[in-house]
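Colleague: I am new to this structure and would like to go through it slowly, term by term. Could you show it to me and then take my questions in turn?

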Amino acid sequence: MSGSQDGIKLANNSSQDNTKLANNDMPLYGETSASLVPLSPEELNNDSYTIIIGTVKEINPSKWNSIDGKRPDGVDSFSLENFIYTDITISVDEYLKNPLSSKEVTVRVDGGTVGNDTLEANHEPSFKTDEKVLLYLTNDLANHSKDIKPEHFKVTGCMQGKFTLTDDGKAVRRGKTVSQEELLSTIKE
């Protein structure tokens, strides 16, 4: 992938860059990475539409961003227009900012596997079923995924906006561990 999505530079590491496919039988593999501008807790708060504490209920099957969720005919590499995403269903325990009426929200992350096609998005957070999380969420503004149902959010600042909440009172994300109390004190309605 190359280009910019939500201010994130994506690098194209697709293994099929220069290969023309006669059909969609050849597997695709690609990786995306991003240079993320570090966001302070205040910036995460201000840039988020809603902030929740919840539990990962389900990691849904990955799909291509096409009408039928499958690789479009003639596509031989990943791009900003042709990619795989995964929807995560979160059971909401508490809204910390901008409460919604729903007890569940869908969070969409780039990456996943559909059949023999895999897109790894190293800048996106990872999720595990039954994981307790605090999520900073924003609306999906990407042209090629925002209108694909169900209604969904993206994690603010990619992996920066997802914290795993531990039983011993810590909030953990890649590269950072703080107390849950400290993290909660930075969140403003």
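Modeller: Buried means under 20% relative accessible area, exposed means over 50%, and partly exposed lies in between, with a 1.4 Å probe and protein chains only. This is a predicted model, in which local features need pLDDT of at least 70 and side-chain atom pairs count only at pLDDT 80 or more, while totals for chains, interfaces and linings use all residues. Residues are numbered from 1 along each chain as its sequence is written, and side-chain values use heavy atoms, with hydrogens and water left out.

Colleague: What percentage of the residues in the protein chain is buried?

Modeller: Helices (H or I, at least four residues) and strands (E, at least two) are DSSP runs numbered from the N terminus, and the protein chain has two helices and 14 strands. Of the 189 residues in this chain, the buried share is 47%.

Colleague: Which residues does valine 107 touch, not counting residues up to four places away in sequence?

Modeller: Contact means heavy atoms within 4.5 Å. Valine 107 is listed with those having the most contacts inside the largest nonpolar core. With residues up to four places away in sequence not counted, valine 107 touches Thr86, Asp87, Ile88, Ile90, Phe127, Leu135, Leu137, Phe153 and Val155.

Colleague: How many residues line the second largest pocket?

Modeller: On a 1 Å grid over the protein atoms alone, a pocket is an open set of points where a 1.4 Å probe fits, with protein on both sides within 12 Å along at least five of seven lines, and lining residues have an atom within 4 Å of a point. Strand S7 (residues 104-110) gives the most to this lining, with three residues. Leu100, Asn139, Glu151, His152 and Phe153 lie nearest the centre of the pocket, and the number of residues lining it is 16.

Colleague: Is threonine 129 buried, exposed or partly exposed?

Modeller: Threonine 129 is placed in the loop between strand S9 (117-121) and S10, and it touches Val56, Lys57 and Ile59, leaving out residues up to four places away in sequence. Because its relative accessible area is 44%, threonine 129 counts as partly exposed.

Colleague: What is the phi of aspartate 130?

Modeller: Most residues other than glycine have a negative phi, and most peptide bonds are trans. Aspartate 130 lies in the loop between S9 and S10 and is exposed, with a relative accessible area of 62%. Although it is not a glycine, aspartate 130 has a positive phi of about 75 degrees.

Colleague: Is cysteine 158 buried or exposed?

Modeller: Cysteine 158 is found in the loop between S11 and strand S12 (162-165), and its phi is positive, near 55 degrees. Since its relative accessibility is 6%, cysteine 158 counts as buried.

Colleague: Which residue does a cis peptide bond join to lysine 149?

Modeller: The residue in question is found in the loop between S10 and S11. With omega at about 5 degrees, the cis peptide bond joins lysine 149 to proline 150.

Definitions and conventions: Core = buried A, V, L, I, M, F, W, Y, C linked by side-chain atoms within 4.5 Å.
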